[in-house]
Amino acid sequence: MSNVYRAAARSASTSHAALAASSIAPELEPILSCLVDQALEAIRAGNSRSDDVFGDYAELNSFVRAVTFHEGILLEQGLERLASLSPDLRVIKLSEPLPIVPAALELLERNDWDALEAIHLRSEVHYKQTYLPDLLILDRVARRAIIIDVKRSLSSYQESKLKVLRRKMMAAALTAGDVLHQQGRQGIAEIDIAIIDGSDEQSAQERGVFALREVGELLRLPFAGQAMLKLREMFAARVQDEMQQLCQRLAAVPSEPDTTNSDDCLASEDAEPDSEGEEAAAKVAEPMPPIRVGFARGLGAIDPAGRA
């Protein structure tokens with residue numbers, strides 16, 4: 001167990017009423033600061049594009065778009081880094097997306113999610129659809145895998161779109177057990193899904209939605225919720241400072257006519273980052289035990305036998 005993990009756990013033992021977003025272990029501050037620094041470097045590295053509509057403010061528009069994109073990545077990296085501090089958790093790198101097999105979609109069409117908690121499907125069948133989670137975290141003590149999708153904000157996310165995402169995650173969860181079993185990861189009793197609202201505005205754990213402050217309950221890391229709020233707070237402060245400097249610089253530059261053709265502005269700036277994968281381990285001959293699938297839920301302390 002790392003010194004950072006022990007210090008963060010001690011900090012989290014303070015009563016919840018006494019905690020603010022900034023109340024985190026001092027040992028965590030350099031970790032969060034480094035993540036924010038990397039995010040700002042990536043934002044600055046993006047090229048500003050000329051735009052007939054925004055004109056002299058095209059650079060500001062590019063900056064805002066880059067911030068929106070990289071905030072989501074920052075939240076993913078923050079969760080991954082905090083999970084790596086726990087000896088009980090391991091972030092699984094997938095070599096390819098999880099398959100969504102037709103049988104899974106048929107089961108979800110005919111049954112409630114609760115009725116499928118003891119069902120798992122083979123992954124080596126014909127399929128056309130796939131789903132790549134933002135994070136797949138294995139809790140070795142709770143004997144569960146958590147399929148996580150991180151959203152910068154759910155406030156503008158249409159409910160119909162959220163239902164489609166949840167359905168894809170459910171279908172992927174039904175085959176994830178077989179995928180992990182083939183990688184040699186045995187002993188998994190549960191596979192849960194969780195959608196994280198990075199804006200910390202929405203929470204509906206009965207539907208698999210967790211506010212950012214609730215990730216500590218999700219991962220059994222008492223300090224994670226406060227740390228993620230602090231990470232977002234630090235990022236916001238740096239972004240606003242950068243934006244203020246950019247606005248001051250734009251205000252000081254005399255306006256010049258923009259002769260750039262608007263067609264040059266059509267290329268998308270939101271390229272997805274390459275996902276790193278690890279090669280699958282040799283297939284395991286032992287039969288796979290039943291695995292419960294379902295919505296993720298906050299867990300308390302778990303003893304080595306896996307009981308809550």
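Residues are numbered from 1 along each chain as its sequence is written, and side-chain values use heavy atoms, with hydrogens and water left out. Because the model is predicted, local features need pLDDT of at least 70 and side-chain atom pairs count only at pLDDT 80 or more, while totals for chains, interfaces and linings use all residues.

A search of the whole structure finds two cavities of 30 Å³ or more, where a cavity is a set of points, on a 1 Å grid over the protein atoms alone, at which a 1.4 Å probe fits but cannot get out, and its volume is the space filled by probe spheres set on the points, which are joined across faces, edges and corners. The largest cavity holds about 50 Å³ of space, and its lining, meaning residues with an atom within 4 Å of a point, includes Gly 177, His 181, Arg 185 and Met 288.

The structure holds zero disulfides, a disulfide being a pair of cysteine sulfur atoms within 2.5 Å.

| Residue | Relative accessibility and class |
|---|---|
| Cys 34 | 38%, partly exposed |
| Cys 247 | 35%, partly exposed |
| Ala 66 | 15%, buried |

Ala 66 lies in helix H3, residues 58-84, helices being DSSP runs (H or I, at least four residues) numbered from the N terminus. The C-alpha atom of Ala 66 is separated by 5.6 Å from that of Ile 43, although the two residues are 23 residues apart along the chain.

Key:
On a 1 Å grid over the protein atoms alone, a cavity is a set of points where a 1.4 Å probe fits but cannot get out, and a pocket is an open set with protein on both sides within 12 Å along at least five of seven lines; lining residues have an atom within 4 Å of a point. Buried means under 20% relative accessible area, exposed over 50%, partly exposed in between (1.4 Å probe, protein chains only). Helices (H or I, at least four residues) and strands (E, at least two) are DSSP runs, numbered from the N terminus.
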